[in-house]
Amino acid sequence: MNEEELYLKWVRRVEALEREGIIKSKKVKEAFLKVPRYKFVPEESAQWSHVDEPLPIPAGQTVSAPHMVAIMLELAELEEGMKVLEVGTGSGWNAALIAEIVKTDVYTIERIPELVEFARKNLKRAGYEGIVHVIPGDGTKGFPPRAPYDRIIVTAGAPRIPDPLIEQLKSSGKLLIPVGSYHLWQDLYVITKTGSGKVRKRRWGGVAFVPLIGEHGWEG
Ligand code: SAM
């Protein structure tokens with residue numbers, strides 16, 4: 001399949017997500033049209049990148065299904081200028097979508113060195129070098145040098161909410177995180193830090209992510 005065919009199929013996927021009410025806002029739609037998933041998967045999987053399912057990326061990890069990424073971006077209520085930390089870079093696709101919406105630097109942490117390289121390569125090719133900063137390390141500890149954040153988006157499943165991520169949120173900031181079991185079944189939570197430093201938790205529903213492994217996550 002050539003790039004034109006890949007893009008046409010991608011546009012149909014985006015339109016379907018909009019019809020299904022999953023993509024709701026103009027900003028998420030525009031980001032999806034600007035950043036097709038096929039630019040962030042291994043070459044042999046590009047032909048499947050419009051299919052609404054997770055796809056394998058190196059090191060036994062996955063890039064999430066388009067509907068899941070759209071749901072999280074809509075729930076995050078991102079605005080231009082917001083400072084965002086993503087935990088779980090994977091392919092770099094979600095971080096590039098975030099950068100398209102906030103139109104400023106994005107910080108994203110990945111624990112597997114092979115994926116740090118994979119994501120950096122994808123992001124460079126797609127034009128996000130110097131905008132999306134891929135940080136190697138354990139994202140359960142957050143990334144204090146750039147804290148506090150307006151939004152923290154975790155794209156791996158945690159056993160519990162890591163305290164450092166709450167600490168590194170701005171007042172009124174939001175944390176999106178799947179919490180639940182190790183093996184691919186969690187609830188997605190939207191956590192808002194209130195003015196007094198307390199948190200309000202809203203459970204969105206069931207999701208299936210690979211495990212968040214680290215000091216405040218699962219044991220590796
Ligand atoms: N957001 C990614 C994308 O757009 O391709 C998909 C993320 S994938 C579902 C989850 C990622 O989280 C994996 O790459 C995994 O290695 C990473 N991960 C797991 N635990 C982590 C941790 N403590 N810190 C940083 N990354 C972690």
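By class, the lining of the largest pocket comprises 20 nonpolar, 13 polar and four charged residues, where Ala, Val, Leu, Ile, Met, Phe, Trp, Tyr, Cys and Pro count as nonpolar, Asp, Glu, Lys and Arg as charged, and the others, Gly among them, as polar. Before we go on, please note that this is a predicted model, in which local features need pLDDT of at least 70, side-chain atom pairs count only at pLDDT 80 or more, and totals for chains, interfaces and linings use all residues. Residues are numbered from 1 along each chain as its sequence is written, and side-chain values use heavy atoms, with hydrogens and water left out.

Let us begin with that pocket. On a 1 Å grid over the protein atoms alone, a pocket is an open set of points where a 1.4 Å probe fits, with protein on both sides within 12 Å along at least five of seven lines, and lining residues have an atom within 4 Å of a point. The largest pocket holds about 570 Å³ of space, a volume filled by probe spheres set on the points, which are joined across faces, edges and corners. Its lining numbers 37 residues, with Thr62, Thr155, Ala156, Phe209 and Val210 nearest the centre. Strand S2 (61-63), helix H3 (66-76) and strand S3 (84-87) are among the elements that each supply at least two lining residues; helices (H or I, at least four residues) and strands (E, at least two) are DSSP runs, numbered from the N terminus.

This is where the ligand sits, in the sense that more than half of its atoms lie within 2 Å of the pocket's grid points. Around the ligand are 27 residues, the closest being Gly88, Ser91, Glu110, Gly139 and Ile213; a residue is near if one of its heavy atoms lies within 4 Å. S2 gives the largest share of this shell, three residues.

Now look at the polar contacts, pairs of N or O atoms within 3.5 Å. A backbone N or O atom of Gly88 is 2.9 Å from a nitrogen atom of the ligand. Polar side-chain atoms also lie by a ligand nitrogen, at 3.0 Å for Asp138 and 3.1 Å for Thr155. The protein covers 99% of the 600 Å² of accessible area that the ligand has on its own, by the Shrake-Rupley method with a 1.4 Å probe.

The second largest pocket contains about 330 Å³ of space. Tyr38, Lys39, Val41, Glu43 and Ala46 are the closest to its centre among 16 lining residues. Helix H5 (113-125) gives the most to this lining, four residues.

Notes. A polar contact is a pair of N or O atoms within 3.5 Å; within protein, one must be able to donate a hydrogen and the other to accept it, and residues adjacent in sequence count only if both atoms are side-chain atoms.
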